[in-house]
Amino acid sequence: MNFGFKKVASYRRHRFAAPALIVVALISLGTTFSMASALTGGPHMVGAEQTTLVQEGKEIFARGCSSCHGINAEGGNIAPALVGVGAAAVDFQVGTGRMPMADMSQQAMRKRPVYNAEQTAALAAYVASLAPGPAAVNDAQLTFERDGNTAQGGELFRTNCAMCHNFAGQGGALSQGKYAPTLMGVEPKHIYEAMITGPQSMPVFSDKVITPAEKLSIIKWIKAAESEPNLGGASLGRVGPVTEGLLVWTLGLGILIGIAVWLAMKAR
Amino acid sequence: MKKSEKIAGSVANYVDERTGAAKWLKKNLTKVFPDHWSFMLGEICLYSFIILLLSGTFLTFWFDPSQREVVYNGSYAPLSNLTMSASYASTLHISFDVRGGLLMRQIHHWAALIFMAGIIAHLLRVFFTGAFRKPREFNWLIGVGLVTLGIVEGFLGYSLPDDLLSGTGIRIAEAILQAIPVVGSYLAFFAFGGAFPGHVFIPRIYTVHVLLLPGIFLALITVHLMLVWYQKHTQYPGPGRTEKNVVGYPLMPVYMAKAGGFFFIVFGVTAFLGAVASINPIWLYGPYTPGQISAGSQPDFYMGWLDGLVRMAPPIETHAFGHTISWNILIPGLIIPGILFTGMALYPFIESWITGDKTEHHLLDRPRNVPNRTALGAMSLAFMLIILINGGNDIIATHFHLTINQIMWFTRIGVIVIPPIVFVITKRLCLSLQRADRELVLHGKETGRLVMLPHGEFVEIHQELTPAQKFILTQHEQPEPLAIPDTDAGGVRNPAGIKGKIRSRMSKANAEQVSAPSETEAKAIDGGHH
């Protein structure tokens, strides 16, 4: 027994001991975490579960967000306070992959989300627990297919959104490298949350400015524009005359000059 | 004689007896035209104009040029029950409820873009080859008129559907109108029959778009072609081609076949574009309301440069005596375009004043042999391209992940700095090409064949050019600077004044040439070795 113990102890100084231990630790931590996150969550939660979720969100926040937003979400030199932004803002920013930011460029860009749905929900619950704010949008609210009016949504879109996001929701440029992103392929709940939280350069469209029913109409119009086939042939990006001009100088005049050269050659 | 031939003969005789056409046709059908692909650029414009007339006529059958408010209940559901102008609703009707309507609309718009692109390509060909020189200055002026009216006509067509994009364009046009000092606001009120947008503008521009301007176009194009006919077409230099002849093929049958075929090709390419590529999808833009605007609102390319100028203008305004002068609109929107187009129109006269050349020219220049003109053309092109880039600055910013401010500053500085650099580089390139020509004539083509001579020396065999090739490289005129004395007999400086000084300077710069090898030089080389 003494012998056996000594033999094990001698492995402590083996050069692979430390990496092996880290691997074991990471696997066990990851397994515990994934099991825990699979067990928690779900739409209807009561007291204790909610508290666990907030606690979990706080931990994720401390690890992934606090270096910029402060340990208690009080904000810092490079990032705003998140007290009172509400679950909707977190769901939008983290759910579309904008947060955490990949780099400190002009604007957080959409990318593959870093956190999964459960982790995002935990973060949202934590931030919502700091102070009241707009709640995350759930699927039950998004009845745009049933309640929305496409034509009215189009009018609202052109009045409130097209000036930045372009007439067909393709996005557009803002000053100093900022931009309004394309709305094609954006989940309805994220569109809704963007309207109520006003991420980055976007203004907040409160329920008094655009009612919830109107918001659903806007979403319905965007989805209709997204799924609308290109009725006139290749869309050329739906960005207006710039690409049309490019095409006429390259393909249009290109073919015609090519044929003119060919016609003039034949005569020789 | 076959029966059919007899009938044809008697019909022809019947017509000839009443019109005397046979003599005229006999003379003109055999008229000779020179052959070169670049001479067909003008044809592209002519044919796309015909396509525009045909497709435009089709569109007028259903288009309702009225700003009367209607409620849309056509087949495009996303706009159902919206209030809009009759002009927008009828454009939707053409697009979705008239058989072939959308295709015709797209053909009409693509043809307009090809028309303008063709005009610009044709104009560049005429400029760089010096085809505008005596006796063709009038035709140059008509061409300048056509390109200017083409821009206006295109803009009016873009404005007619009364969708969100066209309304935005009209709004900017109104702003430019208003920027004219003193009379601007009156002019705008006159054009719109009151405050913007009013309800008379669309019907008014419709009349101008389908009646007045096409009529002027037809007249100008007819005169343009008649002058080409009368003055005969220019030709590129070559053996047997002189200032007094035209070497080529007769109109009948060669050019009848070629031109006829090319018309159908242009029509085919336009129809192809109309069928496969969406242009101006007005149903996505929605009806125009002054309270709405879309990101990335752009004019068509032929006005994109103008938009670029307005976009780069610094915000300068003067307030005096209760009036505001918006220099930020006035300078880029009216003054600079005015200078550009006046300069373009006057260029043939300016060039002949500088060179003192009053002779007729029917042989074209190779661009390298006129370095100053070629450099000026390249410089103007660079200027237009830079401001055109700024016209699309927002689209470029989003698609290439740049900032709109960087692009604006790049073009603001670039528009002043880059054109002169392009001038110098182009001029040097032309002179280098002239040097290369001289080298070719004197020493022949490098064949890449190395030969060792008996005493061990290696030489590369040069192949002498054919006489025809030599002729093309040496036939051009060698301009001499004008003899304008710096001082007159009494010792007074600049007797011709500041005008004379400028003319003398420019004439000297213009005469900067690599001299083409003379016959004696060529002979001396032939006798000796390389």
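Trainee: In this predicted model, which helix of chain B holds the place of A275(B)?

Mentor: We are looking at a predicted model, and the place of A275(B) lies within a helix that covers residues 251-276 of chain B. Counted along that chain, this element is helix 10.

Trainee: Is A275(B) buried, partly exposed or exposed?

Mentor: Buried means under 20% relative accessible area and exposed means over 50%, with partly exposed in between. The relative accessibility of A275(B) is 49%, so this residue counts as partly exposed.

Trainee: How much area is buried between chain A and chain B?

Mentor: The size of an interface is often given as the accessible area lost when the parts come together. Here the contact takes 50 residues from chain A and 64 residues from chain B, while the count of salt bridges between the two chains is zero. Carbon and sulfur atoms give 72% of the buried area, which is about 4500 Å².

Trainee: Which residues of chain A are in contact with L79(B), leaving aside its neighbours within four places in sequence?

Mentor: With those neighbours left aside, L79(B) is in contact with several residues of chain B, including M84(B), Y88(B) and W283(B). From chain A, the contacts of L79(B) are A151(A) and R158(A).

Trainee: What is the omega of the cis peptide bond that joins F196(B) and P197(B)?

Mentor: P197(B) is found in the loop between helix 8 (184-192) and helix 9 (201-231) of chain B. The peptide bond joining F196(B) to P197(B) is cis, and its omega is about -5 degrees.

Trainee: Is D162(B), with its positive phi, buried or exposed?

Mentor: D162(B) is not a glycine, although its phi is positive at about 60 degrees, and this residue sits in the loop between helix 6 (137-159) and helix 7 (164-178) of chain B. Because its relative accessible area is 8%, D162(B) is buried.

Methods. Residues are numbered from 1 along each chain as its sequence is written. Chains are lettered from A and ligands numbered from 1 in the order in which they are written. This is a predicted model: local features need pLDDT of at least 70, side-chain atom pairs count only at pLDDT 80 or more; totals for chains, interfaces and linings use all residues. Side-chain values use heavy atoms; hydrogens and water are left out. Helices (H or I, at least four residues) and strands (E, at least two) are DSSP runs, numbered from the N terminus. Buried means under 20% relative accessible area, exposed over 50%, partly exposed in between (1.4 Å probe, protein chains only). Contact means heavy atoms within 4.5 Å. Buried area is the accessible area (1.4 Å probe) that two parts lose on being put together, summed over both. A salt bridge is a side-chain nitrogen of Lys or Arg within 4 Å of a carboxyl oxygen of Asp or Glu.
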